[in-house]
Amino acid sequence: MKQEERKILKNKAYLYITEFFAGMSVMAVELGASRLLAPYFSSSQIVWTIIIGTIMIAMALGNIYGGRAADKNPNPDKLYGRIVIAAIWIGLIPVVGKYIIMGISALLIFTISTNFLIIAAFAACMVVFVFPLFLLGTVTPSLVKYTVDSLDDSGKVVGTLNASNTIGSIIGTFVPTFISIPAVGTSITFLIFAGILLGLAVVYFVSGKIKTVKVPVAGVIFLLCCIFGHDNSFAFWENDLKVEDESVYNYLQVSENDSSIILSTNTLFGVQSIYKKDKVLTGMYYDYAMAAPYMAGIYEKKKPLRVLILGMGTGTYATQCRRYFGDMYIEGVEIDEKITALAHEYFELPDDIKVTTYDGRAYLEALSSGKKEKTEADKYDVIMVDAYQDITIPFQMSSVEFFSLVKEQLVPDGVMVVNMNMKSDVNGGINEYLSDTIAQVFSEIYTVDVTGNTNRELFAGSDPEMFSRLKANLDKEQNEELHAMIQKVSDNMTRYAAGDLIMTDDKAPVEVLGMKAIDSLIGEEVEYYKDVYKEKGLEGLIESF
């Protein structure tokens, strides 16, 4: 059948529609890729760079191939056949994508010793996402071939095609982020856009009465994808999760065991919040951070302390402070309102603790620029910065300018406590940079490593008496459990000797520094299993888990 006989293409409108939905689907897959990879590799700028880079490679190769294929055989059937294949591949991503990612990670973690995050994320992107986006990359040059009839209107036609693609891309950027992923999840978002592409090709073939086996076969495969791929579970090996959900910002997982309820935003590692059912200390970094109120004079001041938590999570620190210190004013800032909802539903966050849905840096900026002149009564005795998740460290909350904003909101003898992840022995690592940067703003800095994990707590202030005040207020503590915990913190706390590794708003390479730290930590954790594998083989490795 010749192109002229296909009525659906005569006024070229359907070609513009094809370009529109191709552009929309490319952006939707790109955003879906970030959400599919984030629970395994984080959502840092490094991962985003890998996603964008691999997709641009795929699109460029698709453009080249599509142009040559259209010149060689200008038959729209070929293009719409490629769209069918792309649609089915995208539809299969929710079914097999997470297994491929885990398989690649498991293979690479035992074969490489550096740059694991970069290599594993790049390999996953290449295997899962490059081929369908390569096929979608063939759309534009093919459509140019079909739509341009003469040089007289070539500029207008090509401009309209590009505009259609751009408008589709814009919509494809906003719809997944603000509508489909928060509403129905990443898996169904992939299926929605796979269905759109498949429907586009089916309409073309059916309207032209073109006989092809691709359409019924593709329909059956897509139906199977819908049946087996609608599950949004990223932690597919877990059977008893209380919550597995997605928000605009995070993958969210709530699990429960006999003693605790836990929030995690990563399937493989990390505890972002924990609630102890028997209402005891957690044994984690939250307990160490409890030293901050002692440094701020919890038992010396006549009025209750004021505490601000940037990165509230589900309120572990707030709940513990209220439980052990009683009448204390606490407010938190948490950018993800779904996490705040989980805090009230599963983690017993007290209703009278105010939580503002906002970015921590932006919240401090708003406080600093407020019209009302700040008095000491409006400021805070303790500000906790707990917004760093594994490698995902917001650069805007790691600079001299940020910590200066924190200092502005503290009373003169106030204390900032920062939870720093990824404790490692890497020289010039992320924690050194953070500590040196903080030392540019605060004169008194103490650190303590958390036993049993990779966290380090940093306490900073401007009062030379903050450490002696810790000891003085600890002597007044009546709760034996808490006294023992803070005594341990005090005994292991060391004064930090500042260096010159400074981060500013203009230069804060947190992603690269975090990558180095996580490489070191992964290497340390995997070394044992590598030795087991060398000595006992695969059977011994399986038995060791």
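A cavity, on a 1 Å grid over the protein atoms alone, is a set of points where a 1.4 Å probe fits but cannot get out, and its lining residues have an atom within 4 Å of a point. Grid points are joined across faces, edges and corners, and a volume is the space filled by probe spheres set on the points. This is a predicted model, in which local features need pLDDT of at least 70 and side-chain atom pairs count only at pLDDT 80 or more, while totals for chains, interfaces and linings use all residues. Residues are numbered from 1 along each chain as its sequence is written, and side-chain values use heavy atoms, with hydrogens and water left out.

**View 1. The largest cavity holds about 70 Å³ of space.** Two cavities of 30 Å³ or more are counted in the model. Lining the largest cavity are residues including I274, Y275, K276, T316, Q320 and R323. Strand 4 (273–276) and helix 12 (316–325) each give two or more residues to this lining; helices (H or I, at least four residues) and strands (E, at least two) are DSSP runs, numbered from the N terminus. Helix 12 has the largest share, with four residues.

**View 2. Strand 9 (residues 410–420) is mostly covered.** Ten of its eleven residues are buried, that is, under 20% relative accessible area (1.4 Å probe, protein chains only). Strands pair if DSSP finds at least two bridges between them. Strand 9 pairs with strand 8 (residues 380–385) in the parallel sense over five bridges, and here V382 stands opposite V415 of strand 9. Strand 9 also runs antiparallel to strand 11 (residues 456–461), joined by six bridges, with V418 opposite L458 of strand 11.

**View 3. F129 and F190 form a stacked ring pair.** Rings of Phe, Tyr and Trp (its six-membered ring) pair if their centres lie within 6.5 Å; planes under 30 degrees apart count as stacked, over 60 as edge-to-face and the rest as tilted. The model has 13 aromatic pairs by this rule. The centres of F129 and F190 are 6.3 Å apart and their planes are at 25°, so this pair is stacked. F129 sits in the loop between helix 4 (116–128) and helix 5 (130–137), and F190 in helix 8 (residues 186–207), 61 residues apart. F129 is buried at 2% relative accessibility, and F190 is buried at 3%.

**View 4. Y294 and F325 meet edge-to-face.** Their ring centres are 5.6 Å apart, with the planes at 75°. Y294 lies in helix 11 (residues 291–295) and F325 in helix 12, so the pair ties together parts 31 residues apart in sequence. Both Y294 and F325 are buried.

Terms used
1 Å grid on protein atoms, 1.4 Å probe; cavity = no way out; pocket = protein on both sides within 12 Å on 5 of 7 lines; lining within 4 Å. Buried < 20%, exposed > 50% of the residue type's maximum accessible area, 1.4 Å probe, protein only.
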